[in-house]
Amino acid sequence: MKDTNAIEDAIRNKCKQELQSIVNNFMQELETKIRGEYNSTNYYDFIPPNNGNKRSFHVMGTEQVRGVLLKMISNAHLDSMVAVKSKELVAKLKLEI
């Protein structure tokens with residue numbers, strides 16, 4: 001079982017790196033295009049759509065935005081990414097589970 005856990009951990013880490021790359025690419029575009037070309041603000045409001053009585057929050061700076069995006073995207077997609085990549089590995093190894 002130790003090897004199985006190590007494999008799952010490796011897949012999870014690979015998925016985290018993929019998500020980090022996606023967020024980094026987005027942040028690079030934000031920095032280059034919006035902040036660089038248009039000299040826009042570095043203060044961000046996160047407001048839910050159809051705000052109703054939902055809570056909003058504010059962040060200052062791209063590192064805080066990067067952290068929020070990475071956590072949000074990881075919470076939403078990491079487990080499904082690991083599941084898909086695990087199935088792909090099982091299929092590639094022609095294992096039956």
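Trainee: Which residues does T62 touch, leaving out those up to four places away in sequence?

Mentor: First, remember that this is a predicted model. A contact here means heavy atoms within 4.5 Å. By that test, T62 touches M27, E31, R35, N42 and Y44. T62 has its place in helix 2.

Trainee: Is T62 buried or exposed?

Mentor: Look at relative accessible area. Buried means under 20%. T62 has 14%, so T62 is buried.

Trainee: How do the side chains along strand 1 point?

Mentor: They alternate. Y44 and F46 point to one face and are buried.

Trainee: What joins strand 1 to strand 2?

Mentor: Look for bridges. Four of them join strand 1 to strand 2, residues 57–60. The two strands run antiparallel. Take Y43: its bridge partner in strand 2 is M60.

Trainee: Which residues form the largest nonpolar core?

Mentor: The largest one here has eight: V23, M27, L30, Y44, F46, V59, V65 and L69. Helix 1 (2–38), strand 1 (43–46) and helix 2 (62–92) each give two or more residues to this core. Helix 1 gives the largest share, three residues.

Trainee: Which residues does V59 touch, not counting those up to four places away in sequence?

Mentor: V59 touches N42, Y43, Y44, F46, Q64, V65 and V68.

Trainee: How many residues does the second, separate core have?

Mentor: Six. Among them are C15, L19, L78 and M81.

How values were computed: Residues are numbered from 1 along each chain as its sequence is written. This is a predicted model: local features need pLDDT of at least 70, side-chain atom pairs count only at pLDDT 80 or more; totals for chains, interfaces and linings use all residues. Side-chain values use heavy atoms; hydrogens and water are left out. A nonpolar core is a set of buried Ala, Val, Leu, Ile, Met, Phe, Trp, Tyr and Cys residues joined through side-chain atoms within 4.5 Å. Buried means under 20% relative accessible area, exposed over 50%, partly exposed in between (1.4 Å probe, protein chains only). Helices (H or I, at least four residues) and strands (E, at least two) are DSSP runs, numbered from the N terminus. Two strands pair if DSSP finds at least two bridges between them.
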